[in-house]
Amino acid sequence: MSAASVRPTARDFVRFDGVSVRYGTGTSAVQALERADLSFAAGDFICIVGPSGCGKTTLMQTLAGFLKPTSGEVSLEGKVVEGPGPERGVVFQQPALFPWMTVAANAGFGPRLRGSRDVDARAETWLRTVGLWEFRDRYPYELSGGMQQRLAIARALCGEPKILLMDEPFGALDALTRERMQEELHAVWRRTGMTVVFITHSVEEAVYLGTEVVVMSPRPGRIVDRIAVRFAREMAEDGIRAVKSDPEFIATRERVLSLIWQMGET
């Protein structure tokens, strides 16, 4: 039965039903994903971790609509994903900004392209949210790496998506900037209640940010475990240092790490 033919429940905001992805043909073919099953609710912050090459990015690309599964289905609110759409905002590891556009123009690019009437108001709202409004007339090369990534997030949010997909967005940042970006992303998520899917190689980052940590197996990628985490909702106001030194946080981090170590290096 098609995923789209089943009435979605609250937990089925997003569904991956038996999703397999195979690259190439013949003896050189690579099975990236094999019957991956996963579902989660609107407002969740899902962090995906696993050994290198396990198919984390491939899984996200099927939800973004950039990649069609070889078999199985991906659905959003009960509708099968057939391609990219404005209801899914995507943030990559590199900001991929337009260097010839100002900060404000970059932020409003998507809605302007679709002919939205309130582009300037949206851009102002999200640039203020991420602390870049005073830099609205600057160009990307005038921003630090962290500021560029904040702009990439603002650009994704300016399209008012239902879900934000983030593929190792803080991977290229230094440790201090990364922690600051984690806190800023947390603040945006708490303020908006938006659904987030976040890929990371950092288990500590996943346990801090996520309402749930999803662990994938080595290639071909499968979902091997999912661990509910309380820190994102219950301890958000305590600050990043307090959360990361909490005994339960450390125990959860070690649990996830042990799962990955059993399967191979991250």
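Are F231 and F249 buried or exposed? Both F231 and F249 are buried, where buried means under 20% relative accessible area, exposed over 50% and partly exposed in between (1.4 Å probe, protein chains only). The views below come from a predicted model, in which local features need pLDDT of at least 70, side-chain atom pairs count only at pLDDT 80 or more, and totals for chains, interfaces and linings use all residues. Residues are numbered from 1 along each chain as its sequence is written, and side-chain values use heavy atoms, with hydrogens and water left out.

**View 1. The largest nonpolar core, with F198 and V256.** A nonpolar core is a set of buried Ala, Val, Leu, Ile, Met, Phe, Trp, Tyr and Cys residues joined through side-chain atoms within 4.5 Å. Helix α5 (residues 145–158) gives the largest share, eight residues; helices (H or I, at least four residues) and strands (E, at least two) are DSSP runs, numbered from the N terminus. A second, separate core of 25 residues includes F13, L76, V197 and I199.

**View 2. F170 meets F198.** Rings of Phe, Tyr and Trp (its six-membered ring) pair if their centres lie within 6.5 Å; planes under 30 degrees apart count as stacked, over 60 as edge-to-face and the rest as tilted. Here the centres are 5.7 Å apart and the planes at 55 degrees, so the pair is tilted. F170 sits in the loop between β7 (163–167) and α6, while F198 belongs to strand β8 (residues 195–199), 28 residues apart. F170 has a relative accessible area of 0%, and F198 is likewise buried at 0%. F45, F170, W189 and F198 form one aromatic cluster.

**View 3. F231 and F249, a pair between two helices.** With ring centres 5.4 Å apart and planes at 65 degrees, F231 and F249 make an edge-to-face pair. F231 lies in helix α8 (residues 231–234) and F249 in helix α10 (residues 247–263), 18 residues apart.

**View 4. Helix α6 and its two ends.** At the start of α6, a side-chain oxygen of D174 reaches to within 3.2 Å of the backbone nitrogen of L176. After the helix comes G193, whose phi is positive, near 70 degrees. Among the buried residues of α6 are L185, H186 and W189.

**View 5. K244 over the face of Y208.** K244 lies 5.4 Å from the ring centre of Y208; a charge sits over a ring if NZ of Lys or CZ of Arg is within 6 Å of the ring centre and within 35 degrees of the ring normal.

Note on methods. Polar contact = N/O pair within 3.5 Å; in protein donor to acceptor, adjacent residues only side chain to side chain.
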